[in-house]
Amino acid sequence: MDLEGQGRIQQVVKQNGTDGVIAVLGANSAAAVEMTAVTIKSGDPSYAGPLAGIALGIPSYHILEPEIVGQIDPAVYDRELALSALAMDIDEVIAPMRTIRESGA
Amino acid sequence: MKLQGKRVLVIGERDGVNAPAIEACVKSAGAEILYAETLCFV
(Lines give C-alpha, C1' and ligand atoms only; values in the text may rest on other atoms or scores of the structure.)
Protein backbone atom coordinates (compact mmCIF):
# COMPACT_ATOMS: atom_id res chain seq x y z
CA MET A 1 0.00 0.00 0.00
CA ASP A 2 1.47 3.36 -0.99
CA LEU A 3 2.21 6.12 1.47
CA GLU A 4 -0.58 8.40 0.28
CA GLY A 5 -3.11 5.59 0.66
CA GLN A 6 -1.93 4.95 4.21
CA GLY A 7 -2.39 8.64 4.99
CA ARG A 8 -5.91 8.65 3.56
CA ILE A 9 -6.89 5.58 5.57
CA GLN A 10 -5.44 7.11 8.72
CA GLN A 11 -7.58 10.20 8.09
CA VAL A 12 -10.75 8.16 7.49
CA VAL A 13 -10.18 6.22 10.71
CA LYS A 14 -9.54 9.43 12.65
CA GLN A 15 -12.89 10.77 11.47
CA ASN A 16 -14.93 7.58 11.80
CA GLY A 17 -13.25 5.39 14.41
CA THR A 18 -12.74 1.65 13.98
CA ASP A 19 -16.01 0.29 15.44
CA GLY A 20 -17.53 -2.17 12.99
CA VAL A 21 -14.88 -1.32 10.40
CA ILE A 22 -13.37 -3.99 8.18
CA ALA A 23 -11.23 -3.84 5.03
CA VAL A 24 -12.16 -5.73 1.88
CA LEU A 25 -9.27 -6.34 -0.51
CA GLY A 26 -9.12 -7.20 -4.18
CA ALA A 27 -5.43 -7.87 -4.82
CA ASN A 28 -4.52 -10.83 -7.02
CA SER A 29 -1.41 -12.09 -5.23
CA ALA A 30 -0.86 -13.50 -1.77
CA ALA A 31 2.08 -11.14 -1.19
CA ALA A 32 0.06 -8.00 -1.98
CA VAL A 33 -2.89 -9.19 0.11
CA GLU A 34 -0.62 -9.98 3.04
CA MET A 35 1.18 -6.63 2.92
CA THR A 36 -2.07 -4.67 2.85
CA ALA A 37 -3.78 -6.76 5.55
CA VAL A 38 -0.79 -6.48 7.90
CA THR A 39 -0.52 -2.71 7.32
CA ILE A 40 -4.18 -2.16 8.19
CA LYS A 41 -4.13 -4.42 11.23
CA SER A 42 -0.71 -3.91 12.77
CA GLY A 43 0.88 -0.91 11.04
CA ASP A 44 3.21 -0.44 8.09
CA PRO A 45 5.79 -3.27 8.29
CA SER A 46 8.24 -1.25 6.18
CA TYR A 47 8.09 1.64 8.68
CA ALA A 48 7.97 4.07 5.75
CA GLY A 49 4.42 5.35 5.78
CA PRO A 50 2.01 7.22 8.06
CA LEU A 51 0.79 3.92 9.55
CA ALA A 52 4.26 2.92 10.77
CA GLY A 53 3.90 1.82 14.38
CA ILE A 54 0.12 2.44 14.31
CA ALA A 55 -1.92 -0.71 14.92
CA LEU A 56 -5.43 0.11 13.74
CA GLY A 57 -6.54 -3.45 14.49
CA ILE A 58 -8.87 -3.52 11.46
CA PRO A 59 -9.46 -7.05 10.12
CA SER A 60 -9.14 -7.64 6.36
CA TYR A 61 -11.08 -9.99 4.14
CA HIS A 62 -10.60 -10.77 0.46
CA ILE A 63 -13.61 -10.15 -1.73
CA LEU A 64 -13.30 -13.70 -3.13
CA GLU A 65 -13.21 -15.48 0.26
CA PRO A 66 -16.16 -17.90 0.41
CA GLU A 67 -17.63 -16.29 3.55
CA ILE A 68 -17.77 -12.94 1.72
CA VAL A 69 -18.91 -14.27 -1.66
CA GLY A 70 -21.80 -16.07 0.05
CA GLN A 71 -23.26 -12.71 1.17
CA ILE A 72 -23.11 -10.94 -2.22
CA ASP A 73 -26.20 -10.61 -4.41
CA PRO A 74 -25.69 -13.35 -7.05
CA ALA A 75 -26.54 -10.99 -9.93
CA VAL A 76 -23.95 -8.47 -8.72
CA TYR A 77 -21.41 -11.27 -8.27
CA ASP A 78 -21.95 -12.43 -11.86
CA ARG A 79 -21.57 -8.89 -13.18
CA GLU A 80 -18.62 -7.71 -11.07
CA LEU A 81 -16.62 -10.72 -9.88
CA ALA A 82 -17.22 -13.83 -11.95
CA LEU A 83 -14.53 -13.00 -14.50
CA SER A 84 -11.92 -12.02 -11.89
CA ALA A 85 -12.67 -15.22 -9.98
CA LEU A 86 -11.85 -17.25 -13.07
CA ALA A 87 -8.57 -15.43 -13.64
CA MET A 88 -7.30 -15.65 -10.06
CA ASP A 89 -5.83 -18.54 -8.05
CA ILE A 90 -8.25 -17.90 -5.23
CA ASP A 91 -6.94 -20.51 -2.77
CA GLU A 92 -3.44 -19.12 -3.01
CA VAL A 93 -4.50 -15.46 -2.79
CA ILE A 94 -6.74 -15.89 0.25
CA ALA A 95 -4.36 -18.25 2.09
CA PRO A 96 -2.77 -15.53 4.31
CA MET A 97 -6.05 -13.86 5.29
CA ARG A 98 -7.28 -16.06 8.12
CA THR A 99 -3.81 -16.37 9.64
CA ILE A 100 -3.36 -12.60 9.71
CA ARG A 101 -6.83 -11.99 11.18
CA GLU A 102 -6.29 -14.54 13.94
CA SER A 103 -2.68 -13.69 14.75
CA GLY A 104 -1.75 -11.26 17.42
CA ALA A 105 0.68 -9.55 15.04
CA MET B 1 -18.58 -12.36 9.82
CA LYS B 2 -21.69 -10.58 8.52
CA LEU B 3 -21.20 -7.73 6.05
CA GLN B 4 -24.62 -6.32 6.91
CA GLY B 5 -24.08 -3.09 8.87
CA LYS B 6 -20.29 -3.17 8.63
CA ARG B 7 -18.35 -0.07 7.60
CA VAL B 8 -15.89 -0.99 4.88
CA LEU B 9 -12.52 0.24 3.66
CA VAL B 10 -12.35 -0.98 0.06
CA ILE B 11 -8.84 -1.55 -1.24
CA GLY B 12 -9.04 -2.89 -4.77
CA GLU B 13 -6.27 -3.57 -7.22
CA ARG B 14 -6.08 -2.77 -10.89
CA ASP B 15 -4.84 -6.25 -11.85
CA GLY B 16 -7.16 -8.07 -9.45
CA VAL B 17 -10.60 -6.82 -8.45
CA ASN B 18 -10.92 -3.03 -8.68
CA ALA B 19 -12.55 -0.86 -6.03
CA PRO B 20 -15.82 -0.07 -7.87
CA ALA B 21 -16.51 -3.80 -8.33
CA ILE B 22 -15.84 -4.50 -4.63
CA GLU B 23 -18.03 -1.54 -3.64
CA ALA B 24 -20.96 -2.86 -5.67
CA CYS B 25 -20.57 -6.30 -4.10
CA VAL B 26 -20.31 -5.26 -0.45
CA LYS B 27 -23.14 -2.73 -0.84
CA SER B 28 -25.33 -5.55 -2.18
CA ALA B 29 -24.66 -7.35 1.12
CA GLY B 30 -25.76 -4.34 3.19
CA ALA B 31 -22.41 -2.78 4.12
CA GLU B 32 -21.55 0.92 4.14
CA ILE B 33 -18.51 2.21 2.23
CA LEU B 34 -16.18 4.47 4.23
CA TYR B 35 -13.32 4.59 1.75
CA ALA B 36 -12.48 3.12 -1.64
CA GLU B 37 -9.24 3.06 -3.58
CA THR B 38 -7.82 0.99 -6.42
CA LEU B 39 -4.11 0.28 -5.99
CA CYS B 40 -1.72 -0.35 -8.84
CA PHE B 41 1.28 -2.59 -8.13
CA VAL B 42 3.96 -2.22 -10.80
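## Burial and the model

A residue counts as buried if 20 or more other C-beta atoms lie within 10 Å of its own, as exposed if 12 or fewer do, and as partly exposed in between, with C-beta atoms placed from the backbone. By that rule, buried residues make up 45% of the 42 residues in chain B.

This is a predicted model, in which local features need pLDDT of at least 70 and side-chain atom pairs count only at pLDDT 80 or more, while totals for chains, interfaces and linings use all residues. Residues are numbered from 1 along each chain as its sequence is written, and chains are lettered from A and ligands numbered from 1 in the order in which they are written.

## Chain B

Chain B has one helix and two strands. Along the sequence they follow the pattern β-α-β. Helices (H or I, at least four residues) and strands (E, at least two) are DSSP runs, numbered from the N terminus.

The C-alpha atoms of chain B fill a box of roughly 35 × 15 × 15 Å along the principal axes. Two residues are in contact if their C-beta atoms, placed from the backbone, lie within 7 Å. Of the contacts in chain B with a separation of 6 or more, 59% join residues 24 or more positions apart.

## Helix α1 of chain A

Helix α1 of chain A covers residues 3–16. Its 14 residues should span 20 Å at 1.5 Å a residue, and its end C-alpha atoms are 20 Å apart, which agrees. The expected span is 1.5 Å times one less than the number of residues.

A:Gln6, A:Ile9 and A:Val13 are the buried residues of α1(A). Seen down the axis, they fall within an arc of 65 degrees, so they line one face of the helix. That arc is taken from the directions from the helix axis to the C-beta atoms. The buried residues pack against α2 (30–42) of chain A, and also against β1 (7–13) and β2 (32–39) of chain B. On the other side, A:Glu4, A:Gln11, A:Lys14 and A:Gln15 are exposed. Just after α1(A), A:Gly17 has a positive phi of about 75 degrees.

## Where the chains meet

The contact takes 31 residues from chain A and 27 residues from chain B. On the chain B side, β1, α1 (19–28) and β2 each supply at least two residues. The largest share, seven residues, comes from β1(B).

Strand β1 (residues 21–25) of chain A pairs with β1(B) in the parallel sense, over five bridges. Strands pair if DSSP finds at least two bridges between them. A:Ile22 has B:Val8 as its bridge partner in β1(B).
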